[in-house]
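These are my notebook entries on the fold of one protein chain. I looked up the sheet, then the core, then the totals.

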Amino acid sequence: MSDTPDYKPAYDLRFSWCRRDYRRISVWTTWNRMTGESCLVLTPAADTMLGYDRIIPCVVPMSTAWIWDETRGDQLEATKRAMLFCDALGLSSLIIADVHRVRTAVVENLHELITCPPMPRSEQEAVAEMLLRNNATGRTAEREIRDHV
């Protein structure tokens, strides 16, 4: 992680919907903290991680999940992405079994991605309070500003 105090990673795997492990690969169903979009994040399995600073997460956002569908998706693009994911995960893009393992891990988790609920507000903390005033009616309302901290 960055040493900059304002730095917030887009994906915080401590807050995930679910996690499944496939030999040397962990698949997390989580949310993009900036947009709230659900996504799959592939990382090396916990027992093979070298350290948090060395992990290159491989992300399949909901908006591009259709590419991985085996019947209606773009098989060529899915294979290209699986090969790139292999290299980032410490597998070999030249070994067809590794590419197939990555594709299988994504395809088997598409249902989890599609059924993932919206990002829960309970995982956000109040960072400020705001007082709203309608100048025409004089009514006021108090709101909390929430964010991941």
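I looked up the sheet in this predicted model and found four strands in an open, antiparallel arrangement, ordered β1-β2-β3-β4. Strands here are DSSP E runs of at least two residues, helices are H or I runs of at least four, and both are numbered from the N terminus; two strands pair if DSSP finds at least two bridges between them. At the edges I noted β1 (16-22) and β4, each of which pairs on one side only. Neighbouring strands are turned by 20° against each other on average, direction ignored, with axes fitted to C-alpha atoms.

I then followed β1 and β2, which pair in the antiparallel sense over six bridges. Asp21 has Ser26 of β2 as its bridge partner.

Residues are numbered from 1 along each chain as its sequence is written. Local features need pLDDT of at least 70, side-chain atom pairs count only at pLDDT 80 or more, totals for chains, interfaces and linings use all residues, and side-chain values use heavy atoms, without hydrogens and water.

Of its 22 residues, Ile25, Leu42, Trp68, Phe85, Leu89 and Val102 touch the most other members. At least two core residues each come from β2 (25-31), β3 (38-44), β4 (58-61), α1 (75-88), α2 (96-107) and α3 (110-115).

Finally, I recorded that buried residues make up 36% of the 149 in the chain.

How values were computed. Buried means under 20% relative accessible area, exposed over 50%, partly exposed in between (1.4 Å probe, protein chains only). A nonpolar core is a set of buried Ala, Val, Leu, Ile, Met, Phe, Trp, Tyr and Cys residues joined through side-chain atoms within 4.5 Å. Axes are lines fitted to C-alpha atoms, for helices over the stretch in contact, and angles run from 0 to 180 degrees between N-to-C directions.
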